[in-house]
Amino acid sequence: GSGVRREVLSNFWREFYKSLTIGASEKVPNIRHDYQKPEWESIARILVFGYTKERYFPITLSRAFVASCLFKEKTMTPDWLLGDFYHYIPSDESEALKRGLSDECENPAHDEEVVDVLTTYRCFKRVSKETLPRTLQELAHQELVQKPKYVSDAWYSILRLLTTYDDFKTVDNLSAFYDSKRPTPKKVCALLSAKPSTEAERASFAQLKRFVKSLDNSLVSVFLQFTTGSNVISVEQIEVGFSTLQPPFRRQVSHTCGPLLVIPSTYDSYNQLSEEFLNIFQLKAAWSFSIV
C-alpha cells in the first residue's frame, strides 16, 4: 500500500543521507570508490519513483544540487546559491560568515572564526570586506555544484523526466516545491481533518492540534512519519478518528495508507495525550514493519 511505500522511501533516504552524503541541514552526494555510474543511476530512479508514485521527495538534498541536475548553472543566482550554502554548512559556521558580511565586522581577514571557516573549505587567499561576498559565492559553487558534478551528470538524463511536472519546470517552481514539502507544525496541523461527534472527541481533537503546534521541526517530521509513513509532506489530508480505549490499553493507532490516525477520546488532560505521543517518538528508532 501507499503507506508502506512512503515508509520504505523515508527509511531509504535516511540511510542514504547517512552513508552517501555530506552537509548539515541540507546535503549533497559524496563520491565513493564503490559507487560508480550504475549505482548512482539506480538512486536517481528511486528518486523519480518516489515522486511519481507517492509525491515523496528527499528535500534534505540540497536544492542547489538538485537544480544543477535539472537546469543549466546560469539559472541559479549567486544569492540563491549562497542561501543554500548556509544550510549546507554547520550553523555556527554560517553565523560566522554572516557576521563577516555584516557591519559588525570591519575586516573579515582579522576575524579568526571567519578565517577558520574559509580554511575549512580550502580557501587560502586573504579576503577583505569587498571580496568576501564573491569568495563565498565561489565556495558555495565549489561545494554544491562542482564537487558532486559526477553524480549530477549521472542523474541528469533520469531526473530530466521530472521536468514534465510543473514542480520542476523552473528554478522558482523548484524552490516553491521545496517550501511546500517541508513540514512545519502549522502545515501539518492544517492537514488534520476530523468529524468529532461528542464533547470528548472535540476536546481530544483540540488537544491533538495543540500538541502538533508545540512540536519543533524535527519532531513534527516524526509525527508526520508516524501518521503517513513519510517524513515530508506527501499527502493532502490526515483523517483523524476516535476510540474509547481506557488505560492500560489506551493508545494511538495510525493507518498510514489512509492516512488515518485514531486517537482516544478518554484523555483527562492535554498532558496525557502529549506524554503518550512523546513516548511513541522516543521509540521511533525501533519502528519496524510488522506485516502479518
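In the predicted model, S91, D92 and E95 are exposed on one side of helix α5. The helix spans residues 91–101, and its buried residues are E93, S94, A96, L97 and G100. Seen down the axis of α5, these buried residues fall within an arc of 160 degrees, so they line one face of the helix. An α-helix has 3.6 residues a turn, so residues three or four places apart point the same way. The exposed residues S91, D92 and E95 lie on the other side of α5. Three helices receive the buried residues of α5: α4 (78–88), α6 (112–120) and α7 (132–146).

Helix α2 covers residues 37–54 and contains V48. The relative accessible area of V48 is 11%, and V48 is buried. Buried here means under 20% relative accessible area, so V48 falls below the cut-off. Beyond residues up to four places away in sequence, V48 touches I158, L159 and L162. V48 was also compared in position with T256. The two residues are 208 residues apart in sequence, and their C-alpha atoms are 21 Å apart in space.

S175 belongs to helix α9, which runs over residues 171–181. With a relative accessibility of 11%, S175 counts as buried. With neighbours within four places in sequence left aside, S175 is in contact with R63 and W80.

Notes: Residues numbered from 1 in each chain as written. Predicted model: local features only at pLDDT ≥ 70, side-chain atom pairs only at ≥ 80, totals over all residues. Heavy atoms only, no water. Helix = DSSP H or I, 4+ residues; strand = E, 2+ residues; numbered from the N terminus. Buried < 20%, exposed > 50% of the residue type's maximum accessible area, 1.4 Å probe, protein only. Contact = heavy atoms within 4.5 Å. Arc of directions from axis to C-beta.
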